[in-house]
Amino acid sequence: MVAIHAAVIGYVRSRVARLSNMQSSAIEIGLLRFQNPNVPDSTYQFQLHAIVDPSRRFRGEERLKLNQLPITEAAEQMLRQVDASWLSDPSQKEIRERLMDVVLQHLDEPLVQRVVITDWLCLPSQSVPMSSNLITASL
């Protein structure tokens, strides 16, 4: 009985140790902020994440970090041109599909399984502060 109990405890401990060492397969691409000309009184902002194949997490993170700025630029450019109805869709299906296309265009291999949008905000444009780069550029 003691041997069975010890085996069960050993098995449970090994599973817990294995789970605690696992890393998430979500990789943050970055914060996106944009205005759509079809909705001039609103500024949109959200966090974009990529879900990568867990077995290729290191490679996926490396490639996404290397291409982070081009992905962000292309995504914001695309978002400024989307149909305004996509911006009010609670499921964000069309936007996520287009963002997935943008991400895959900047990677040389299919590492990303899907993209995730978090912290979606729609702010009145007048409440969004100008960035310091824009302020100094206009002086």
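Reader: How exposed is tryptophan 120 here?
Author: Tryptophan 120 is partly exposed, at a relative accessible area of 25%. On this scale buried is under 20% relative accessible area, exposed is over 50%, and partly exposed lies in between, with a 1.4 Å probe and protein chains only. Before we go on: this is a predicted model, where local features need pLDDT of at least 70 and side-chain atom pairs count only at pLDDT 80 or more, while totals for chains, interfaces and linings use all residues. Residues are numbered from 1 along each chain as its sequence is written, and side-chain values use heavy atoms, with hydrogens and water left out.

Reader: Thanks! Which ring does phenylalanine 46 pair with, and in what geometry?
Author: Phenylalanine 46 forms a stacked aromatic pair with tryptophan 120, with 5.2 Å centre to centre and 20 degrees between the planes. Pairing needs ring centres of Phe, Tyr or Trp (its six-membered ring) within 6.5 Å; planes under 30 degrees apart are stacked, over 60 edge-to-face, and the rest tilted.

Reader: Where do those two sit in the chain?
Author: Phenylalanine 46 is in strand S2 and tryptophan 120 in strand S3, 74 residues apart, so the pair links distant parts of the chain. Helices (H or I, at least four residues) and strands (E, at least two) are DSSP runs, numbered from the N terminus.

Reader: And is phenylalanine 46 buried or exposed?
Author: Phenylalanine 46 counts as buried, at 0% relative accessibility.

Reader: Nice. How many aromatic pairs are there in the whole structure?
Author: A search of the whole structure gives four. One of them joins tyrosine 44 and tryptophan 120; that pair is tilted, at 5.7 Å centre to centre and 45 degrees between the planes. Tyrosine 44 lies in strand S2 (residues 42–52) and tryptophan 120 in strand S3, 76 residues apart. Tyrosine 44 is buried, with a relative accessible area of 6%.

Reader: Which residues do the ring pairs link into a cluster?
Author: Phe34, Tyr44, Phe46 and Trp120.

Reader: Switching topic, which residues have a positive phi without being glycine?
Author: Glutamine 92 is one of them, with a phi of about 55 degrees. Glutamine 92 sits in the loop between helix H4 (84–87) and helix H5 (93–105), and at 12% relative accessibility counts as buried. Aspartate 119 also has a positive phi of about 55 degrees.

Reader: Last one: what pattern does the chain follow?
Author: Along the sequence it reads α-β-β-α-α-α-α-β-α, with six helices and three strands.
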